[in-house]
Amino acid sequence: METNGLIGARVSRTEDLRLLTGRAQFIDDVRLPGMLEAAVLRSTVPHARIVSIDVSRAVALPGVYAVVTGADVKAAVRVPHPVIWQSVPDMFIPESYPLAVDKVRYPGQGVAAVAAKDRATAEDALELIEVVYDELQPVSTLEDALAADAPRLYDERPDNVVARGVVQKGDVTAAFAEADVVLSAEFRFARQMGMPLETRGVVVTWDPFTGRLDMWLATQAPSMARELLGEILGLSADKIRVRTPDIGGGFGNKFDLYGEEIVASILSRRTGKPVKLVEDRAESFGATVHSREQKIEVEIAASNDGTITGLRGTVYGVLGGALSSAGVSPCWVTTSLITGPYDIGAVEMAMVAVLTNRTPYGSFRGYGLPKANFVQEHMVEKLAKRLGMDAHAVRRKNFVTDFPYQSPVFVYDTGRYEECLDLCLASVRQAGWQELRDQARARGSAVGIGYSFHNEITGLGPSRIGNLSGATQSGFDEEVVRIDSTGHVTVYTGLSAIGQGIHTALAQVAAHSLGVPLDHVTVISGDTDTGPYTGYGTGASRGAALGGPAVRAAATRLKAKVLRIAGHILEAAPDDLVISDGVVSVKGVPDRIVTMAEIGDAAYRRLNGRLPEDESPTLEEREVYDPANVATSFGCTAVLAEVDRETGVVTLLGYLIAHDCGTVINPLIVDGQLHGGAAQAIGGALYEEIVYDADGRMRTRSFADYLWPSATEIPPFGVSHMATPSDHVPGGFKGMGEAGVIGGGAAIAHAIVDALPEYDITITSLPITPPRLLAAMQKGAHR
Ligand code: MCN
């Protein structure tokens, strides 16, 4: 049926021409007539009661149109900030509003907002607002928050814990009682964030005559944003239009809905004018969600042959002063998937989610998985060392091999983990890393090789998975494929393009399924008024695994109609026809043809005699795909690293990934996605950390403080693919947009350990900064 071979083709991204030639339209490029610009006054203190806010001088400043405070915003909304994943029963959802009311609970929290003729005037007005704070003792760290006498962030709660949950499987007590070996470890992961190059922003106009809210929003999830805006603002969703212009990266940070969307809407309603609110980089550090900060305690039980028989422990999620719309779900994902690719019979993993006076914890590429993977892989290596086994032998001993496999929470659909490990090892051999390491060591250099194996839940997902994750939003995807009167194909999608190449991938699936060239297909996204509905939007690596099958099914049905029309025109049976390169021909008679343009014409314009009597005019199909399960991708990462023993600086020399995401739509994009994800893994492993001082104030305010890996820190990458199709996703596609970020931390840590055999070092926290590594070396040297 599928003729063009475009699924699996390494073609350049269709999005790039516009992006690379400066023709993109980002949120800050949206300018509406009479538009005002807004700015938010943000708390610099971590924890305080608001005694008073005096906005009178700001209101009086020429050029200022409106000033709102928390009290105004609370009065204007119907419900407080919603949480879409209520992951565990009885979780506490603190009442929090788009601007602080009565109390501030983190540095960066909005306290008041101004709409003015331009941003500079709005910022000047912020300086005229007088806020009197009664500062409270900050609850900055996990330990602060859990202390018996800790100040409480929310007076109505007995403590600072918002959620407790536990993931269980098998008999853990018996597993530990019968174990030959029991090993434990404690891990710490620093606060990090996705840091898209384009900061968050919104332009909104609340039409005073029609009552319609028209919003341009840099969001990964437009359908969801529309629903949530409706709930918060008390507006029927049909009165809300969300448009997504080009998005300069999201990395999960633009998945969550934020208070700024609400504040800008209220300012627009008050002034009767369009309002733009775009955060600057400094405020982004405190106002855009953070992620990753966790402490994890874990214990494993194992037998002497290397079989891990039990795992127990606790994930402490160090949340912020309010919940993001993701709630505690990133920490719940760490907890749920703590066993990763390993078949462990008995598990009891608890989650304790704790509020602190820090920025809310939200979505970031990889979600809870990089930490879960770091823990799994550290314990595997530790067990191997204890038993004197090769770490890969321990991996092989414990890999899940029988699919589908019921892990503590999720069912893994398909996998070939051992083959993927072998593929990675083969690429390491081919690259000659062992020899390079030996030569380097002979020269006295500290060079090591590290590995990590991960699996990943992708393609979220089944709408009825709600009972696993407490989702309050459906997870299906709807796609529309249309052929117009000229024969050109348009795919309408609700998925946001955030740099991941989804337009190209969907165009490939449509072109492949229809039998037309790629440049006959255009993909349009970014408007809830005209576009299809897509549950979570772009997030949880779901574009290919949900959008792919939906486009494939719609295009396949459309192709059947094309063939019926062509059969009528050519006086041939549809079964005797083939479509190739956009031309329908009779099998074996290549000159009896009809073009897609003629078929479009027959379906829309000159129907008489050209369109079969029983066919309706037009060529359009719509498909909704709600998967039965998530799709489980997997991969193995190998890192070659050199450590400077004097300075503790780590240089990455090589980075190889073997990966399997089922049927690959575009290997070029998948490679790029893995490279980009790996760059974020490198940042997370070696450099990135949001730092708060002893007084709970945030010290990380710019890229001078928050280090990113630049091109010079990124090693050459190599990617090898294998393809184990999903058993339940039509087309076999699995997701991978987050894959690159998952395994990097553990592989880098293991490469560092391998580079320093003369030290007995243990790496259990990220990032591995030079001072931390030197400290670990000093500690290891004295053993
Ligand atoms: N792909 C493919 N074949 C497959 C799977 C994927 O060709 N079997 C390609 C497709 O082009 C697809 C892309 O790889 O669009 C990513 O795959 P997928 O896993 O389907 O993820 P999504 O399209 O849903 O993208 C979201 C995902 C997530 S959750 C984050 S966060 C993320 C990411 O991907 N943020 C990104 N990749 C990013 N890339 C860039 N440049 N910028 C971001 O902000």
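In this predicted model, Arg-10 has a relative accessibility of 48% and so counts as partly exposed. Its salt-bridge partner is Asp-671, with N and O 3.1 Å apart. The two residues come from distant parts of the chain: Arg-10 sits in the segment before α1 (16–20), Asp-671 belongs to helix α19 (residues 667–687), and 661 residues separate them. Asp-671 has a relative accessibility of 11% and therefore counts as buried, because the cut-off for buried is under 20%.

A second pair is formed by Arg-119 and Asp-280, whose side chains meet in a salt bridge at 3.8 Å, N to O. This pair also links distant parts of the chain, 161 residues apart: Arg-119 is in helix α4 (residues 119–127), and Asp-280 is in the loop between β12 (275–278) and α9 (281–287). Arg-119 is buried, at 17% relative accessible area, whereas Asp-280 is partly exposed, at 34%.

Glu-478 counts as buried, with 12% relative accessibility; Arg-622, with a relative accessible area of 44%, is partly exposed.

Some salt bridges share partners. Arg-119 and Asp-280 belong to one network joined in this way, which also takes in Arg-42, Glu-123, Arg-200, Glu-260, Glu-261, Glu-279 and Glu-283. Over the whole structure, a search finds 51 salt bridges. In general, side chains of opposite charge can pair when their charged atoms come close.

The strands give another view of the chain. Six of them make up an open sheet with mixed pairing, in the order β7-β15-β14-β13-β8-β29. Which strands stand at the edges? They are β7 (161–169) and β29 (765–766); each has a single partner strand, so one side of each is left without a neighbour in the sheet. Strands of a sheet pair through backbone hydrogen bonds, either parallel or antiparallel. For β29 and strand β8 (residues 181–189), the sense is parallel, and the pairing runs over two bridges. Within this pairing, Phe-189 has Leu-766 of β29 as its bridge partner.

Methods
Residues are numbered from 1 along each chain as its sequence is written. This is a predicted model: local features need pLDDT of at least 70, side-chain atom pairs count only at pLDDT 80 or more; totals for chains, interfaces and linings use all residues. Side-chain values use heavy atoms; hydrogens and water are left out. Two strands pair if DSSP finds at least two bridges between them. Helices (H or I, at least four residues) and strands (E, at least two) are DSSP runs, numbered from the N terminus. A salt bridge is a side-chain nitrogen of Lys or Arg within 4 Å of a carboxyl oxygen of Asp or Glu. Buried means under 20% relative accessible area, exposed over 50%, partly exposed in between (1.4 Å probe, protein chains only).
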